[in-house]
Amino acid sequence: YMGVDSSRAAASIEKLDQGGLLMREGMIGTKFYTYSITEKGLAALAPLSGAEADMAKEGLSPLYVELLSIVKNNPDKQAEFVKKHDIRSMQMAAISSHLTRQGYIIEGGLFKRKLRITDKGSAAVQKYA
């Protein structure tokens, strides 16, 4: 998802974990690859602006809200969004998986990913877009 070699990403994540800046949600299964930022990690970052802080509390970012808005208002423009932001296939899979787990979209499609917005996703677009 980050666009770097997996061994470098794993080493970076391990360093952040050992430094107490993030923690794994669990030690087995998918929870091993799910992380939460710690208070120490938050203190190391510049504070987010009001809207960005609100979005982060809801598992969103400006990029995610932009995608939700496209899914809601112009679903045929998803490819343009991907191209505009130079999003690779695995990055898009991670983004859509996150938004699906958070309840903002529903994924479908047999050969091509088709995203549909949920009521929660529509409310997020209304609130942040």
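Let me start with the largest nonpolar core, which has 19 residues, and in which L60, L67, L68 and L99 touch the most other members; by such a core I mean buried Ala, Val, Leu, Ile, Met, Phe, Trp, Tyr and Cys residues joined through side-chain atoms within 4.5 Å, where buried is under 20% relative accessible area, exposed over 50% and partly exposed in between, with a 1.4 Å probe and protein chains only. Two or more residues come from each of α4 (62–73), α6 and α7 (119–128), and α4 gives the most, with 6 residues.

This is a predicted model, so local features need pLDDT of at least 70 and side-chain atom pairs count only at pLDDT 80 or more, while totals for chains, interfaces and linings use all residues. Residues are numbered from 1 along each chain as its sequence is written, and side-chain values use heavy atoms, leaving out hydrogens and water.

Turning to L68, and setting aside neighbours within four places in sequence, its contacts (heavy atoms within 4.5 Å) are L60, L99, Y104, I105, I117, G121, A124 and V125.

Now the helix pair: α4 and α6 pack at an angle of about 80°, with their axes 11 Å apart, which makes α4 roughly perpendicular to α6, the term for angles of 65 to 115 degrees. On the α4 side L63, Y64, L67 and L68 meet M92, I95, H98 and L99 of α6, and the residues of this contact divide into 7 nonpolar, 1 polar and no charged.

Finally, I95 belongs to helix α6, residues 89–101, and is buried, with a relative accessible area of 2%.

Definitions and conventions:
Helices (H or I, at least four residues) and strands (E, at least two) are DSSP runs, numbered from the N terminus. Axes are lines fitted to C-alpha atoms, for helices over the stretch in contact, and angles run from 0 to 180 degrees between N-to-C directions. Angles under 35 degrees count as roughly parallel, over 145 as roughly antiparallel, 65 to 115 as roughly perpendicular and the rest as oblique. Ala, Val, Leu, Ile, Met, Phe, Trp, Tyr, Cys and Pro count as nonpolar, Asp, Glu, Lys and Arg as charged, and the others, Gly among them, as polar.
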